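Thanks for coming, everyone. Let's look at one model together and walk through it piece by piece.

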Amino acid sequence: MKYQDNIEQVAALQPDYLGFIFYDKSARHFDSKNIPDIPKSINKTGVFVNEDIDVVIDKITAHNLHAVQLHGEESPEYCLKLKRHYEERNDAVIPSKETDCFDFEKKSRNDEKLEIIKVFSIKDEFNFEVLKPYENVCDYFLFDTKGKLHGGNGYTFDWNVLNNYPSTKPFFLSGGIGLEEVDKIKEFMQSSASKYCYALDVNSKFEKEPGLKNIDLLRKFKDTVITMNEERMKK
């Protein structure tokens with residue numbers, strides 16, 4: 001998200017998360033001083049790429065972020081340092097939820113928890129061994145399409161790769177998801193790969209321009225996926 005009015009319009013659709021990119025090389029770079037008031041049920045998420053950890057902490061404080069999405073080569077030690085900073089602040093360790101991305105009765109976010117989402121890029125194959133060091137220092141993984149950009153490349157990777165997912169860590173499915181992928185999503189819902197899918201991450205396929213979302217397309221996508229889920233639950 002980038003533009004104030006557009007942020008409010010998308011927030012009215014009640015997504016679980018809204019992302020704000022704090023990476024100045026991105027066309028979607030969020031450089032406003034304030035994020036407008038949005039429902040507390042929505043997780044304000046800061047997206048960072050190999051950023052100095054003190055800068056990340058400053059952005060979290062300035063914008064009252066509820067989650068961070070780490071889109072670079074951040075190490076497990078980096079994630080642990082960030083995690084400990086907020087666990088010590090709140091004197092609480094709250095376990096991750098284990099649900100799937102088609103559960104539309106998720107609970108609201110916990111105000112005393114910073115969620116850490118670590119991004120991994122996939123093309124035609126992926127070495128899942130790289131996930132192991134991150135298991136205890138992240139709340140979620142996010143699988144995106146490997147491309148020239150740090151996200152927002154506009155095309156999907158082969159989701160069948162996730163049939164070999166060895167973890168029980170909930171993950172976000174990302175990378176070029178749009179209305180054209182509805183049938184593909186339906187097929188994915190029937191696969192074993194979807195068991196630990198926590199959320200669908202959408203972006204470039206719903207834009208009029210970088211950072212400016214098409215509200216009508218987003219609403220149609222949300223309604224379509226909800227209907228698809230309701231039909232799935234009846235079976």
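Start with two cysteines. The sulfur of Cys79 has its closest cysteine sulfur in Cys138, 3.9 Å away, which is too far for a bond. The cut-off for a disulfide is a pair of cysteine sulfur atoms within 2.5 Å. A disulfide is a covalent bond between the sulfur atoms of two cysteines.

Now a word on the source. This is a predicted model, so local features need pLDDT of at least 70 and side-chain atom pairs count only at pLDDT 80 or more, while totals for chains, interfaces and linings use all residues. Residues are numbered from 1 along each chain as its sequence is written, and side-chain values use heavy atoms, leaving out hydrogens and water.

Seven strands form an open sheet, in the order 1-2-3-4-5-6-7, with parallel pairing. Which strands stand at the edges? Strand 1 (17–21) and strand 7 (197–200) do. Each has a single partner strand, so one side of each has no neighbour in the sheet. From one strand to the next, the twist averages 30 degrees. That angle is taken between N-to-C directions and runs from 0 to 180 degrees, with axes as lines fitted to C-alpha atoms.

Two terms there need their rules. Strands are DSSP runs of E, at least two residues, and helices are runs of H or I, at least four, numbered from the N terminus. Two strands pair if DSSP finds at least two bridges between them.

Zoom in on strands 5 and 6. They run parallel, joined by three bridges. Phe141 stands opposite Phe171 in strand 6. Pro170 is in the loop between strand 5 (140–145) and strand 6 (171–173). Pro170 counts as buried, because its relative accessibility is 2%. Pro170 and Phe141 are 29 residues apart along the chain, yet their C-alpha atoms are separated by 6.7 Å.

On to the aromatics. How many aromatic pairs does a search of the whole structure find? It finds 21. Rings of Phe, Tyr and Trp (its six-membered ring) pair if their centres lie within 6.5 Å; planes under 30 degrees apart are stacked, over 60 edge-to-face, and the rest tilted.

Take Phe128 and Tyr165. Their ring centres are 6.1 Å apart and their planes stand at 70 degrees, so the pair is edge-to-face. Phe128 lies in the loop between strands 4 and 5, and Tyr165 in the loop between strands 5 and 6, so the pair ties together parts 37 residues apart in sequence. Both are buried.

Phe206 and Phe221 make another pair. With centres 5.2 Å apart and planes at 65 degrees, this one is edge-to-face as well. Phe206 is in the loop between strand 7 and strand 8 (207–209), and Phe221 is in helix 5 (residues 215–234).

Ring pairs also build a cluster. Its members include Phe120, Phe128, Phe141, Tyr165 and Phe171.

That's the tour. Questions, please.

How values were computed
Buried means under 20% relative accessible area, exposed over 50%, partly exposed in between (1.4 Å probe, protein chains only).
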